[in-house]
Structure formats: structure tokens, C-alpha cells
Amino acid sequence: MSPHDETLLKVDGMTCRSCIRHVNEALRDLDGVQDVNVWFDRGQVLVKHDAATAKVSALIEALRDAGYESAPAA
């Protein structure tokens, strides 16, 4: 993995447009996250992050803590 990865995650549980803000905040609060793009209509989020600081498992855990189920997108 490179130090700056882009990870596409599937996010379940986004029920309204305000969920975009919640997902953004949950991920941007993590050290190592540089950028977050949420696609409500696709139920996905693209996260640009430092792989050494913000591992994919930490991204998923942050989303779960915020009330959303998440997994790497296929």
C-alpha cells in the first residue's frame, strides 16, 4: 500500500441527505484522513487517507461508531 491511499467503502444506513454530513464528520475526525467524498445515491464514500495512520479497519470502525454499517466496495 502506498502512504496515500484511496479507499472506496459501501455505507449502509444512510437514510437522508443529512447523513452525508455525519459520514463526513465521522471520517474527517480520524488522523490521516485527507479527503472524503460521499455519494448518498450510491451508498458509497471515497476516502483519501494515509494508510499508515488511518487503516481501512479504522475507517469502517468510525462509520460503525457513527451508526452506519460499512465494508470495502466491490
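Predicted model: local features only at pLDDT ≥ 70, side-chain atom pairs only at ≥ 80, totals over all residues.
The model contains an open sheet of four strands, arranged in the order E2-E3-E1-E4 with antiparallel pairing. Strands E2 and E4 (69-72) stand at the edges; each has a single partner strand, so one side of each is left without a neighbour in the sheet. From one strand to the next, the twist averages 25°. Six bridges join E2 and E3 in the antiparallel sense, and Asn-37 has Leu-46 in E3 as its bridge partner. Helix H1 lies across E1, E2 and E3 and runs at about 160° to E2.

In soluble globular proteins, nonpolar side chains tend to be buried together. The largest nonpolar core in the model comprises 16 residues, of which Val-23, Leu-27, Val-45 and Leu-63 touch the most other members. Two or more residues of this core are given by each of strand E1 (4-12), helix H1 (18-28), strand E2 (33-39), strand E3 (44-50) and helix H2 (56-65). When residues up to four places away in sequence are not counted, Leu-27 touches Val-33, Val-36, Val-45, Val-47, Leu-59 and Leu-63.

Side chains of opposite charge can pair when their charged atoms come close. Four salt bridges were counted in the model. One of them links Glu-25 with Arg-21, with the closest N and O atoms 3.6 Å apart; both residues lie in helix H1, four residues apart, or about one turn of the helix. Another joins the side chains of Arg-28 and Asp-35 at 3.5 Å, N to O. Arg-28 is partly exposed at 43% relative accessibility, and Asp-35 is also partly exposed, with a relative accessible area of 31%.

Technical notes
Residues numbered from 1 in each chain as written. Heavy atoms only, no water. Core = buried A, V, L, I, M, F, W, Y, C linked by side-chain atoms within 4.5 Å. Buried < 20%, exposed > 50% of the residue type's maximum accessible area, 1.4 Å probe, protein only. Contact = heavy atoms within 4.5 Å. Pairing = 2+ DSSP bridges. Axes fitted to C-alpha atoms, helices over the stretch in contact; angles between N-to-C directions.
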